[in-house]
Amino acid sequence: GQIGQSVFRSLILSAAKSPRIQAMAGRHGLKAGADRFVAGESLNDALNVLDRLHGEGMRTYVIALGEAVHTREGADAAARIYERLIPDVARNGQGTTFSIKLTHLGIEADRDLALRHARRIVSLAAEHSAFVRLDMEHSAVVDETLAIYRALRGDGLDNTGVVLQAYLHRSMDDLIGLLPLEPNIRVVKGAYLEPPGVALQRKTHVDVAYRQLVRTALTYAKFTAVATHDASAIRAAMADARKNDSDFEFQMLYGVGHALARQIVAHGHAVRICVPFGQDWFVYFTRRLAERPSNVLFVVRNLGRR
Ligand code: FAD
């Protein structure tokens with residue numbers, strides 16, 4: 001039940017920090033099951049997945065995997081990936097958008113460096129009429145992520161958006177604070193391990209908070225990305241959006257909820273799929289495992305087969 005699920009989440013998310021487990025994953029590579037959630041290690045792998053999804057009537061966004069970068073060289077390297085990625089992907093003319101993680105751009109080491117990189121990436125995207133969202137990460141970087149979003153919008157960069165996590169106690173206040181900017185907001189439940197002082201712990205409570213945050217965004221934000229695989233939250237959002245004549249889309253992760261995404265598209269609603277690629281897939285993969293206990297059995301079975 002509830003307690004089992006949160007113990008499971010903390011076990012997986014803590015185990016993922018172990019160097020031994022990371023080494024084991026490295027040996028088995030994407031074949032250990034990560035290829036269910038990650039397009040591949042190269043940009044070409046990502047481009048192939050994008051084509052396939054567009055063929056099915058889906059919208060897409062791309063993220064270059066990587067986070068928790070604490071050196072200037074690492075942050076510069078991440079920025080260079082995006083500088084190549086954006087023109088290459090924009091060429092497909094399919095309206096693919098992008099996400100960046102500010103810890104990938106070194107925000108934990110040097111806030112100004114991350115801001116400079118983000119500004120350059122979002123400006124480059126603007127030249128290609130592309131949109132870049134700042135992903136939301138663990139709670140220690142929420143203030144600075146929102147500050148960088150405000151700084152970019154203050155520079156006149158309107159092709160950017162942010163993410164709010166329903167499990168954080170602060171998120172409704174953050175949403176209300178952002179409304180004067182006419183923001184483009186992705187609403188998610190939240191994927192990190194956070195303490196009770198900061199975040200709701202019970203799944204049922206997070207589900208209720210998610211519906212409230214989505215409804216408020218659909219009513220007042222400029223654009224809302226309803227990012228979930230939760231069918232009942234999706235139904236509720238469709239009803240709220242109809243009532244408010246909202247500008248919105250659904251978003252899902254590559255490898256999760258594909259049948260549901262197809263149903264939504266068949267109903268005439270837009271679904272944008274997150275397509276992650278790159279060599280630093282391990283931490284992303286463990287967050288996907290922590291979201292559903294049966295995913296771990298699936299990986300263990302794959303390891304056993306090799
Ligand atoms: P849940 O109630 O957890 O899941 C609903 C159903 O979906 C489950 O019953 C199950 O059938 C299925 N499901 C969900 N996850 C999985 C999985 N991993 N494997 C198999 N089935 C699954 N989080 C952040 O903290 N910051 C972000 O910037 C962020 N961006 C995101 C962008 C997108 C497009 C999406 C879809 C999610 C993002 N998340 C982000 C993750 C989010 O916070 C949740 O951890 C994740 O979406 C799982 O919650 P859920 O809303 O799908 O609801």
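## Loops, helix packing and ligand shell in a predicted model

Ala270 sits in the loop that joins helix 10 (258–266) to strand 8 (271–277), where helices (H or I, at least four residues) and strands (E, at least two) are DSSP runs numbered from the N terminus. The model is predicted, and local features need pLDDT of at least 70, side-chain atom pairs count only at pLDDT 80 or more, and totals for chains, interfaces and linings use all residues. Residues are numbered from 1 along each chain as its sequence is written.

A residue is buried if 20 or more other C-beta atoms lie within 10 Å of its own, exposed if 12 or fewer, and partly exposed in between, with C-beta atoms placed from the backbone.

| Residue | C-beta neighbours and class |
|---|---|
| Glu41 | 18 C-beta neighbours inside 10 Å, partly exposed |

Leaving aside neighbours within four places in sequence, Ala270 is in contact with Arg59, Glu249 and Phe250, a contact being two residues whose C-beta atoms, placed from the backbone, lie within 7 Å. Glu41 belongs to the loop between helix 2 (19–28) and helix 3 (43–55).

Helix 4 (residues 72–90) and helix 5 (residues 111–127) pack at an angle of about 5°, and their axes are 10 Å apart; axes are lines fitted to C-alpha atoms, for helices over the stretch in contact, and angles run from 0 to 180 degrees between N-to-C directions. The two helices are therefore roughly parallel to each other, since angles under 35 degrees count as roughly parallel, over 145 as roughly antiparallel, 65 to 115 as roughly perpendicular and the rest as oblique. On the helix 4 side the meeting residues include Ala75, Ala79 and Tyr82, and on the helix 5 side they include His117, Ile121 and Leu124.

In the largest nonpolar core, which has 86 residues, Val187 and Val275 touch the most other members; such a core is a set of buried Ala, Val, Leu, Ile, Met, Phe, Trp, Tyr and Cys residues joined through C-beta atoms within 7 Å. Helix 4 gives the most to this core, with seven residues.

Around the ligand there are 23 residues, of which Val188, Ala191, Thr228, His229 and Glu291 come nearest, and a residue is near a molecule or strand if its C-beta atom, placed from the backbone, lies within 6 Å of it. Strand 7 gives the most to this shell, with three residues.
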